[in-house]
Amino acid sequence: MIRSVIKGTGSALPARKVTNEELAKTVDTSDEWIVERTGIRSRYIAGEGETTSTLATMAAQRAMDAAGIAPEDVDLIVLATATPDQTFPATATTVQAALGCRGAAFDVAAVCSGFIYSLGVADSMMRSGFAKCALVIGAETMSRILNWDDRTTCVLFGDGAGAVVLQSEDVPEDGPGVLLTKLHSDGRHNGLLHTDGGPSTTGTSGKVQMRGREVFRHAVVNLADVLQEVLKESQFSAENIDWVVPHQANARILEATAKKLGLPMEKVVVTVDQHANTSAASVPLALDLAVRDGRIKPGDLVMLEAMGGGFTWGASLLRM
Ligand code: UT7
């Protein structure tokens with residue numbers, strides 16, 4: 001059967017790491033509060049010359065190097081971001097030019113679920129025969145749309161990028177590839193996590209606003225639901241899963257979701273302590289880390305999941 005197989009992963013972080021202690025010098029917060037409520041200890045913040053496209057390009061190049069593919073092999077780039085370099089053109093086209101690739105390139109806007117959405121879109125396009133080799137990227141510079149005077153949001157986010165190379169391959173039933181992706185949205189809740197502006201309303205990008213407690217409640221329920229849905233349809237059970245690579249918003253959400261599924265935390269890749277919430281970048285960043293440090297191995301059954309503004313949420317089951 002034809003499947004989209006992950007042939008390589010890559011990631012990139014800005015040069016500057018900012019610890020909670022450093023943040024507490026300019027924001028009315030403390031290391032204790034941030035660690036206790038979120039599990040976050042540090043985040044990376046983009047500096048001059050570092051943008052969503054530069055981080056995305058670096059992550060994508062590393063994924064291409066790991067996969068051993070050349071720029072001319074790529075015929076599709078799908079880039080998830082809520083912080084594009086410009087309102088238009090799509091950041092994916094800037095990355096395409098920087099990498100020297102051809103084919104189709106576009107952005108997907110699904111905020112923190114953006115990478116799962118992009119993986120679903122790219123996988124569908126590959127299964128339909130539109131593309132043979134895709135770069136799927138999640139990249140963000142959330143620091144540029146934070147209100148640094150709002151301690152309820154600015155301590156939570158960070159910048160970064162992650163990418164995978166997907167190649168269309170004829171594989172046996174128990175072979176590698178994306179097995180199943182489920183995507184959901186519920187626009188009735190889009191006021192709970194949003195920016196207070198945009199090109200067609202204020203003519204600015206706006207800054208992040210979040211009703212954290214409500215988002216938290218929805219996140220735990222929606223993530224548990226979509227994970228159950230994927231398990232049921234794929235006919236795997238939670239015990240079959242080798243690794244869960246979740247969106248990294250809050251350590252307490254990761255723990256609550258794992259508990260609902262009956263999965264031990266030893267099977268959950270956690271990076272929120274180091275990277276904070278990097279929105280669309282968090283899942284591919286965590287995936288790359290766990291592939292490179294040898295935790296995730298060829299043949300492993302891996303569940304990716306995310307939830308974010310919109311609300312949007314989804315999960316993808318794949319075999320490495
Ligand atoms: O990526 C998309 C998905 N996003 C998420 O999943 C985020 C979901 N939400 C959360 O992770 C949590 O709700 C937060 C981490 C955002 C907040 O944690 P919480 O336990 O829900 O705290 P809270 O908002 O109820 O605030 C508790 C207290 C408040 O003080 P009072 O009113 O009890 O006196 C806040 O003013 O903590 C205060 N507070 C802070 N204190 C120190 C809020 N932010 C801070 C801060 N430092 N940075």
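Predicted model: local features only at pLDDT ≥ 70, side-chain atom pairs only at ≥ 80, totals over all residues.
1. **Overall build.** The protein has 10 helices and 13 strands. Its radius of gyration is 18 Å, close to the 20 Å that the globule rule gives for 320 residues, so the protein is as compact as a globular protein of that length. The C-alpha trace spans about 55 × 45 × 40 Å along its principal axes.

2. **Burial and contacts.** Of the 320 residues, 55% are buried. Take the contacts with a separation of 6 or more: 76% of them join residues 24 or more positions apart.

3. **Strand β13.** How many of the eight residues of β13 are buried? Eight of eight, across residues 312–319, so the strand is largely enclosed by the rest of the structure. Burial here means under 20% relative accessible area. Both faces share in it: T312, G314, S316 and L318 point one way, W313, A315, L317 and R319 point the other way, and all are buried. Note that R319 is on that buried list.

4. **Pairing with β8.** Strand β8 (residues 177–185) runs antiparallel to β13, and eight bridges join the two. One point to check on screen is S185, whose bridge partner in β13 is T312.

5. **Pairing with β12.** Strand β12 (residues 301–308) is also joined to β13 by eight bridges, again in the antiparallel sense. Here L301 has R319 as its bridge partner in β13. The two strands form a hairpin with three residues between them. Within that hairpin, G310 takes a positive phi near 135°.

6. **The cavity.** A search of the whole structure finds one cavity of 30 Å³ or more. The volume of the largest cavity is about 50 Å³. Its lining consists of L227, V244, P246, L254, T257, A258, L261, L263, V268 and E305.

7. **What lines the cavity.** Which element gives the most to the lining? Helix α8 does, with four residues. Both α8 (251–261) and β11 (243–246) supply at least two lining residues each. By class, the lining divides into eight nonpolar residues, one polar and one charged. Among the lining residues are T257 and E305.

8. **Where to look.** Then turn to β11, which supplies at least two.

Conventions. Residues numbered from 1 in each chain as written. Heavy atoms only, no water. 1 Å grid on protein atoms, 1.4 Å probe; cavity = no way out; pocket = protein on both sides within 12 Å on 5 of 7 lines; lining within 4 Å. Points joined across faces, edges and corners; volume = space filled by probe spheres on them. Nonpolar A, V, L, I, M, F, W, Y, C, P; charged D, E, K, R; others polar. Buried < 20%, exposed > 50% of the residue type's maximum accessible area, 1.4 Å probe, protein only. Pairing = 2+ DSSP bridges. Rg over C-alpha atoms; globule rule 2.2 N^0.38 Å. Contact = heavy atoms within 4.5 Å.
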